[in-house]
Amino acid sequence: MHDPAALRLLHQKRFQSAPSIFAAPGRVNLIGEHTDYAEGFVMPAAIEFATLAAISPRTDGKVVLYSENFGEECTFDASALPRSAEKRWTDYPIGVFAVLAGEGHTIPGLSLSLWGDVPVASGLSSSAALEVATALAVASLLGVSYTGPELARLCQRAENEFVGASSGIMDQFISANGAEDHALLLDCRDLSFRLAPIPHSVALVIANTMVKHSVAGGEYTTRRAEVEEACAVIARHRPVVRFLRDATVSDLEKWGHEMSPNALKRARHVITENLRTVAAAEALIHHDLKELGRLMAEAHTSYSQDFEASCVEADAMVALAQDLPGLIGARLTGGGFGGCTINLVEAEKASEFAEALAARYAGEIGIVPQVHICHASAGAHRID
Ligand code: GLA
């Protein structure tokens, strides 16, 4: 649950000062997986789950962070920011401070209370929500304003440079720039984007396999390295190819034999996924839901078989959804290796669908999943 009024009271009681409050949402990616760091296309939507940040200035030169989720407080001098990550929740806000300080800002004494309901380690970008909420809050205290894309870049740097996860720009971008009732087709090369309306007749049903996923974990990094290996092989022959975004299936046919078998498969996923993502945005914009569903199914197969980023539980969750009434398309969403599937479902059948999917999954896998019926939500904002 995230309740701004409750957070305001909680902050006031703990710090004896009235805060400003900011919200940043988590996200679900409809299609376009592991394409962002290859400067390709992604199509995420922000969701109702969000992190709230309540902030107020302090006069004692201290930074005091409080997480309601963890029930923990962390204090340090604003003039002596911690220099390295400790693999805990504080890494995300401190990473944001570190990037702002590196940009020449002096971090002032402040109290920051954080409270969120984005499921953690579920592929729904709880870390990006935490970073973006913190960045908005601190920027307001500093009296600086960032555009949505600038905010996303700043938070991505916190994640890459301080937290130490080699993620792309998608999660921070959609958390900062999401729009109600829309998915966003983002070109990760120049951060230009196009909004694609999601009709009210379509619900986003997010089914959590309950298998934990982590971007900081080894598999994400290994996949990224394999993608870069494939790109380097193609670039030897065609130097204009700087990222797999620039490569084609025919490049793979010509030079795939020079790559390791894994690099070839990963590259095939990324190159075809870019094509599918652009086609999926067209399909959504033109209300061709059948085509959208077909592309999502193809994307899941590619993600599972070529990118090998799925798992038994996620494959089951996708397979079990196939013949349920109302399904438009289903696939594993996010960084992979667990987390959630996204199911586009006819809104009037969504509750029935969610219940049936949960029962099937529990029966087959022996784990009771969390299934959420969501709608595309607005990006990060101040709450008055
Ligand atoms: C994680 C990363 C993103 C993106 C996805 C995979 O969510 O944070 O940058 O690479 O995985 O599409």
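Guide: The largest share of that lining comes from H3, which gives four residues. H3 is a helix covering residues 126-142 (helices, H or I of at least four residues, and strands, E of at least two, are DSSP runs numbered from the N terminus). Helix H2 (91-102), strand S5 (110-116), helix H4 (148-163) and H5 also supply at least two lining residues each. This is a predicted model, in which local features need pLDDT of at least 70 and side-chain atom pairs count only at pLDDT 80 or more, while totals for chains, interfaces and linings use all residues. Residues are numbered from 1 along each chain as its sequence is written, and side-chain values use heavy atoms, without hydrogens or water.

The largest pocket holds about 870 Å³ of space (on a 1 Å grid over the protein atoms alone, a pocket is an open set of points with protein on both sides within 12 Å along at least five of seven lines, and lining residues have an atom within 4 Å of a point; points are joined across faces, edges and corners, and the volume is that of probe spheres set on them). Its lining has 47 residues, and those closest to the centre are Tyr92, Val120, Ala121, Ser126 and Ser127. By kind, the lining divides into 20 nonpolar, 18 polar and nine charged residues (Ala, Val, Leu, Ile, Met, Phe, Trp, Tyr, Cys and Pro are nonpolar, Asp, Glu, Lys and Arg charged, the others, Gly among them, polar).

H5, one of the elements that supply the lining, covers residues 170-177 and includes Asp171. With a relative accessible area of 17%, Asp171 is buried (under 20%; exposed is over 50%, partly exposed in between, for a 1.4 Å probe and protein chains only). Leaving aside residues up to four places away in sequence, Asp171 touches Arg27, Ser125 and Ala128 (heavy atoms within 4.5 Å).

A polar side-chain atom of Asp36 lies 2.5 Å from a ligand oxygen atom, and a polar backbone atom of Gly168 is 2.8 Å from an oxygen atom of the ligand. For Gly335, a backbone N or O atom lies 3.5 Å from an oxygen atom of the ligand.

The structure also holds one cavity of 30 Å³ or more (points where a 1.4 Å probe fits but cannot get out). The largest cavity has a volume of about 40 Å³, and its lining consists of Asp181, Ile198, Pro199, His200, Val202, Leu204, Cys374, His375 and Ala376. Six of these lining residues are nonpolar, two polar and one charged.

A last stop is helix H10 (residues 312-321), where Ala314, Ala316, Met317, Val318, Leu320 and Ala321 are buried. These buried residues pack against strands S8 (202-208), S9 (327-332) and S10 (340-346), and against helices H9 (289-306) and H11 (350-365). In the loop between H9 and H10 is Ser310, which counts as buried at 14% relative accessibility. Not counting residues up to four places away in sequence, Ser310 touches His300, Tyr303, Ser304, Asp315, Leu332 and Phe337.

How values were computed. Polar contact = N/O pair within 3.5 Å; in protein donor to acceptor, adjacent residues only side chain to side chain.
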